[in-house]
Amino acid sequence: MLRARGLVVRYGPRAAVSGVDLELREHEILGLLGPNGAGKSTLLRRLAGLIHAQAGSVDLDGADPAVSAAARGRIGYLPEDPPLYAEDTALQYVSFLAALSGVRWRRRETAARAALERTGAEPLAGRLCGRLSKGQRQRVAMAGALVHRPDVLLLDEPSEGLDPRQMVSLRSLLDELRKTTSIVFSTHLLAEAQSVCDRVVVIDQGRVALERSLRADGAGHRVRVVVNGVKPGQLNEALLAVPGVRRAEKGICAVDGPAVSEAIAAAVCSRGWRLRVLAPVPDDLEAAFLAAVTSAPPLRGRE
């Protein structure tokens, strides 16, 4: 649906984004993770069509949002620090964004009120934005991002400033939105990404350092196999021969899905080996994240 290929964005001599390939699938929530300064916000701005790149392309069903107003109109964007106007009420601000997004004037107030209701910010409609708390401002800004019912929603740290109850409400909202919208969810909270996202992409020093499925039945599914009296090399060789096993090391297999476990059990037993353990391995996103950002090569200043 939304694809980026070979993106390079520089600020002077510094490459903020360097050779990034990324794909957002229909009705998917894609997590964008990375340390501070990794290039996440710059990448989101390019995907939204708000800035141009020195190289590479962005394609939303055949159109680049940076040059196509129609493509931009299909995208909702929540920046990390939303620029709410202090002297506007929440309703006025969201109505203004509805106008910028092409909502017809007769429908703007209705659309704005509906968006505020969806984000739990309807009681704030008549209050001045300058007098709202951080969490309240975030909910109003979220309403502004989805007021025109976009096909793609790009969220830069949407849970920033929310209390635990509001974060639960945000997860429920995203689960509802995914029925009609594809979402990129940028966050530094690994637990939040695991609870919300289907896949995650880790950005470090402007590059993709890791891409990982978070679905239990997806590409990230792993199983642990323990067999009595068999050398590790023999076991790995046998496991790699099983259809659906993509990698095997020290008895840990990356497999295409839970059904592969039955084939692993059959393969082990057919060799006369005694199977002691065949169990799912919990997905340790934190360990994978730390390994990815630690091992990424540094960018040169003029790369």
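This is a predicted model: local features need pLDDT of at least 70, side-chain atom pairs count only at pLDDT 80 or more; totals for chains, interfaces and linings use all residues.

**Entry 1**

I began with an open sheet of six strands, whose order is 5-6-7-3-8-9 and whose pairing is mixed. At the edges I found strand 5 (75-78) and strand 9 (207-213), each of which pairs on one side only. I looked up the twist too, and it averages 15° from one strand to the next.

Strand 3 (residues 29-33) and strand 8 (residues 199-204) run parallel and are joined by four bridges. For Leu 33, I noted Val 202 as the bridge partner in strand 8.

**Entry 2: helices on the sheet**

Which strands does helix 5 touch? I found it packed on the sheet against strand 5 and strand 6 (152-156), and its direction makes about 165° with that of strand 5. I then turned to helix 6 (residues 164-177), which lies across strand 3, strand 6 and strand 7 (182-186). Helix 6 runs at about 150° to strand 7.

**Entry 3: helix 3 and its neighbours**

I took helix 3 with helix 5 (residues 134-146) to start: their axes come within 8 Å and cross at roughly 25°. That angle is why I can call helix 3 roughly parallel to helix 5. The crossing is right-handed. From helix 3, Ala 90, Tyr 93, Val 94 and Leu 97 meet Val 140, Ala 141, Ala 143 and Gly 144 of helix 5.

Then I checked helix 3 (residues 90-100) against helix 4 (residues 105-118). These two pack at an angle of about 115°, with their axes 8 Å apart, and this crossing is right-handed. On the helix 3 side I listed Ala 90, Leu 91, Val 94, Ser 95, Ala 98 and Ala 99; they meet Arg 108, Glu 109, Ala 112, Arg 113, Ala 115 and Leu 116 in helix 4. Here the classes come to eight nonpolar, one polar and three charged residues.

**Entry 4: domains and a hairpin**

How far apart are the centres of domain 1 and domain 2? The protein is divided into domain 1 (2-213) and domain 2 (221-282), and I noted 41 Å between their centres, taken over C-alpha atoms.

My last stop was strand 11 (residues 245-249) and strand 12 (residues 252-255), which run antiparallel and are joined by four bridges. They form a hairpin with two residues between them. Glu 249 stands opposite Ile 252 of strand 12, and in the turn I found Lys 250 with a positive phi of about 55°.

Note on methods. Residues are numbered from 1 along each chain as its sequence is written. Side-chain values use heavy atoms; hydrogens and water are left out. Axes are lines fitted to C-alpha atoms, for helices over the stretch in contact, and angles run from 0 to 180 degrees between N-to-C directions. A crossing is left-handed if the near helix is turned anticlockwise from the far one by less than a right angle, and right-handed if clockwise. Contact means heavy atoms within 4.5 Å. Ala, Val, Leu, Ile, Met, Phe, Trp, Tyr, Cys and Pro count as nonpolar, Asp, Glu, Lys and Arg as charged, and the others, Gly among them, as polar. Two strands pair if DSSP finds at least two bridges between them. Angles under 35 degrees count as roughly parallel, over 145 as roughly antiparallel, 65 to 115 as roughly perpendicular and the rest as oblique. Domain bounds come from an automatic or database domain assignment.
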